[in-house]
Amino acid sequence: MKTAIMALCTFAMLAVTASCSSDKNEADYPKTTEQVLNHMVGEYKGTLGFSTTTETATDGAFGQQISWKIDKNHNIIIEKFPYVTLANGVSKQGVVGKMSVLFQTLLDVKDAPLYIVMAGSNISDNRMSLKIDPLFYAPLSAPNADYEIVGSIKKVQPMFTNYYNIKESKINLEFTIEGLIKVHKKGGVKEWQKDFDKPITYYLTATKK
């Protein structure tokens, strides 16, 4: 009888402990959009790949290591984005027998920050789907460049490709840069760059450190 009573007490204690632990985990789990967005803030490490509409990305392209962070305003900041990859979307010759000025400029560009603004989100199961702003600012540093570049991201992105996995603290991004706008520093004159005629799709995946 004593043995049975002790067994029942032990079982009850374990049940209470498991219940408390479950309640704690449930309490700590982000539930609202605001909680998940705050949970996303931090440093990330992962890989970057890219391809053009007329080329297939190689295995090597997907293997490039990259880091980024999400700040308190929930913007994605890639400190060292390889802007030289944009040259893959530019026609090599502006006119017959002459290399495109934009192509040469992008070849000479150094890695610099890329800012991606999250324009919306929606929780579904264990995922937070993400919408990103269709424009990005690229503070390019190129020799003799008297202009800046604004990039146009394709407005309609593939469904379910941009999301944050809440349980794994992992983020996936896929976006297509379909145009570059040359903005002159003096006067602010804007010109679409016709030589950029092959949209580039970037694939980024990373896990929170």
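The model is a predicted one, in which local features need pLDDT of at least 70 and side-chain atom pairs count only at pLDDT 80 or more, while totals for chains, interfaces and linings use all residues. Residues are numbered from 1 along each chain as its sequence is written, and side-chain values use heavy atoms, with hydrogens and water left out.

Asn165 has a relative accessible area of 15% and is therefore buried; the term denotes under 20% relative accessible area, against over 50% for exposed and partly exposed in between (1.4 Å probe, protein chains only). Display its surroundings next. With neighbours within four places in sequence left aside, Asn165 is in contact with Asn126 and Lys170, contact being heavy atoms within 4.5 Å.

**Two positive phi angles**

Proceed to Ser169, in the loop that joins strand 10 (163–165) to strand 11 (170–184). Its phi is positive, about 50°, although the residue is not a glycine. Is Ser169 buried or exposed? With a relative accessible area of 15%, Ser169 is buried.

Then select His74, which occupies the loop between strand 2 (64–70) and strand 3 (75–81). Here too phi is positive in a residue other than glycine, with a value near 70°. His74 counts as buried because its relative accessibility is 17%.

From His74, draw a distance to Gly42: the two are 32 residues apart in sequence, and their C-alpha atoms are 9.6 Å apart in space. Gly42 lies in strand 1. Not counting residues up to four places away in sequence, Gly42 touches Trp68, Lys69, Ile70 and Lys208.

**Strand 1 and its partners**

Colour strand 1 (residues 42–52) together with strand 2; they pair in the antiparallel sense over seven bridges. Pairing of two strands requires that DSSP find at least two bridges between them.

Within strand 13, Ile200 stands opposite Thr52.

**Aromatic rings**

How many aromatic pairs does the structure hold? There are five. Rings of Phe, Tyr and Trp (its six-membered ring) pair if their centres lie within 6.5 Å; planes under 30 degrees apart count as stacked, over 60 as edge-to-face and the rest as tilted. Select Tyr44 and Trp68: the ring centres are 6.2 Å apart and the planes are at 20°, so this pair is stacked. The pair links distant parts of the chain, with Tyr44 in strand 1 and Trp68 in strand 2, 24 residues apart. Tyr44 and Trp68 are both buried.

Next, select Phe81 and Tyr83, an edge-to-face aromatic pair with 5.1 Å from centre to centre and 65° between the planes. Phe81 and Tyr83 are also buried.

**Last stop: a charge over a ring**

Finish at Tyr163, where the charged end of Arg127 sits over the ring, 3.8 Å from its centre. The criterion is NZ of Lys or CZ of Arg within 6 Å of the ring centre and within 35 degrees of the ring normal.

Definitions and conventions
Helices (H or I, at least four residues) and strands (E, at least two) are DSSP runs, numbered from the N terminus.
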